[in-house]
Amino acid sequence: MRSLWSRSIKTKLMLLFTANTVVALSLACIVFWIYLTLSYRQTLVEEVSTMAQMLGRSSASALTSSNHDAAAGALAVLRADSRMESACLYDKHRSLFASYVRNSSDHACTQHQIAAPLRFNFRSFTVLEPIATNGEFNGSLLLRVSLVEMYSHLRRFGVIGAGVLFVSTGLAMLLSLRLQRLISDPILHLTHVAKRVSKGGNYSIRAASGSEDETGVLIDQFNSMMEQVSQRDLELQRAQDELEARVADRTRELQNEIAEREVIQQDLLNAKLIAEESNRAKSAFLANMSHELRTPLNAILGYSEMLEEDAKAAGNQSEVDDLKRIESAGRHLLMLINDVLDLSKIEAGRVELFSEPAQVGTLVNDIVSTIEPLARKNKNVFLASAEDANATIYVDVTKFRQCLLNLLSNACKFTEGGIVRLRVEERARNGDIWSCWEVSDTGIGIADSDQAKLFQAFSQVDSSATRRHGGTGLGLAISQRLTRMMGGWIECETQLGKGSTFTIYLPRVAEGEIARTTAAARVA
């Protein structure tokens, strides 16, 4: 079929005309052949049925008198008809009474060879005629007629039809070869003109129109289209000249702008380098300062504990109370210094994570023993539960415990006479399974305007409770960055006056997997 589509229009038109002729004549021959076959069969049925009736009547007396010779003589008249292969005469008991067989190769008569009244098979036609006298059944006559003559007539007709079809096909091809030029010549001429226009780009060429039919209209429309294309080509050339001039002007302007932006970009790059150097210097300064402050502060805490023990031994309770205040203030200051040191280490990329397998139940029990005294301080009830205490997660236990204690201490600090809850469960999210550590409270909550700066360093929500409890605003920022370094994150859901829920999402590793990794990363 593809090769036919690639043929020329001349060939397609010739094939179309010839195919129509062949199909029409073929259908006519087939229909006539079928009609001739049915007509011949109908005529044969009528003739043989009539002959069977006549032989039956002439054989009735022989059957009645049981005269086999007379019956055989009656059947012998069939010898004059070359189509008759055999005749079988049966008595009323369906026993063979007399028979006639033209050739030894034809079907012979046998006992009980009685079938339907009319039956056609591939090579013969059989008629069964009952014989009756005065309404009494005396026997039956079976005639078998050869169909060789019918097939001979049909083959002769087929040869004649094939000859007519062959001659008609040749005449149709000759006629289509002549007539197709009325359609193909104008189209080929138009194709030739279109190729010249496409190859040379000369839109002034026109095709000659010699008819008023559809091809003539097509050529006229093509010429009209070429006229329009020619006009538009001129207009396009003028527009292109104008556009080139404008592009040249705009290019010069862009080159000037690019040069200015390169200068600005270089200034921004220098400023970025200066800012990064300043940030590194700041982180180094904070780290050094934290170390320098922590060393004498540890000495102060140690001496205060020693003096407190001496005062207790001397029974001087007023000095004991003062020394406890000094120790409490020192430890609070040490906690603030540690937060600053942790943040500076994170920003400087000096934090190393040591992941190891940890059992959820063990971590929860450790947290409970640490947080319960802090919860009782504000008359809070602390509840902890784990969906699967035997589950294993792979984390840096120290860093993870620091994050969790940060969240729980905040919950206890900003809740008075309420409930602080720790719940551990596994959740499916984004096609993965996560270990979720949910810390919820019934405390003061956080206003919507303050939620955006929860995890920003040195940022605190503006409330009287925050100012009363103090802090640097580094706890949540450090916890979020450490959690991200462990492959997770922290989410917050809160409502002012109704409490807050902070959830730590950590990657869940299949049990039995042995993994101990060390990672160092900078968190922006």
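# Close-up views of a predicted model

**View 1. Lining of the second largest pocket.** Leu63, Thr64, Asp91, Lys92, His93, Phe97, Thr133, Glu136 and Asn138 line the second largest pocket. On a 1 Å grid over the protein atoms alone, a pocket is an open set of points with protein on both sides within 12 Å along at least five of seven lines, a cavity is a set where a 1.4 Å probe fits but cannot get out, and lining residues have an atom within 4 Å of a point. The space in the second largest pocket is about 160 Å³; a volume is the space filled by probe spheres set on the grid points, which are joined across faces, edges and corners. Two nonpolar, four polar and three charged residues make up this lining (Ala, Val, Leu, Ile, Met, Phe, Trp, Tyr, Cys and Pro count as nonpolar, Asp, Glu, Lys and Arg as charged, and the others, Gly among them, as polar). H2 and S5 each contribute at least two of the lining residues; helices (H or I, at least four residues) and strands (E, at least two) are DSSP runs numbered from the N terminus.

The model is predicted: local features need pLDDT of at least 70 and side-chain atom pairs count only at pLDDT 80 or more, while totals for chains, interfaces and linings use all residues. Residues are numbered from 1 along each chain as its sequence is written, and side-chain values use heavy atoms, with hydrogens and water left out.

**View 2. Strand S1 and its two partners.** Strand S1 (residues 84-91) is mostly covered, with eight of its eight residues buried (buried means under 20% relative accessible area, exposed over 50%, and partly exposed in between, with a 1.4 Å probe and protein chains only). S1 runs antiparallel to strand S5 (residues 136-146), to which seven bridges join it; two strands pair if DSSP finds at least two bridges between them. Cys88 has Leu142 as its bridge partner in S5. Five bridges pair S1 with strand S2 (residues 96-101), also in the antiparallel sense, and Tyr90 is bridged to Leu96 in S2. Four residues lie between S1 and S2 in this hairpin, and Arg94 in the turn has a positive phi of about 65°.

View 3. The structure holds five aromatic pairs. In one of them, the ring centres of Phe32 and Tyr35 are 6.4 Å apart and the planes are at 40°, so the pair is tilted (rings of Phe, Tyr and Trp, the last by its six-membered ring, pair if their centres lie within 6.5 Å; planes under 30 degrees apart count as stacked, over 60 as edge-to-face and the rest as tilted). The two residues are three apart in helix H2 (residues 9-65), about one helical turn. Phe32 is partly exposed at 44% relative accessibility, and Tyr35 is exposed at 54%. Ring pairs link Phe32, Tyr35 and Phe157 into a cluster.

**View 4. Phe400 and Trp437.** The ring centres of Phe400 and Trp437 are 4.9 Å apart with planes at 75°, so the pair is edge-to-face. Phe400 lies in helix H9 and Trp437 in strand S11 (residues 432-441), so the pair ties together parts 37 residues apart in sequence. Phe400 is buried at 2% relative accessible area, and Trp437 is buried at 0%.

**View 5. The largest cavity.** Leu363, Asp366, Ile367, Phe400, Arg401, Leu404 and Trp437 line the largest cavity, which holds about 40 Å³ of space. Helix H8 (360-377) and helix H9 (397-413) each supply at least two of the lining residues.
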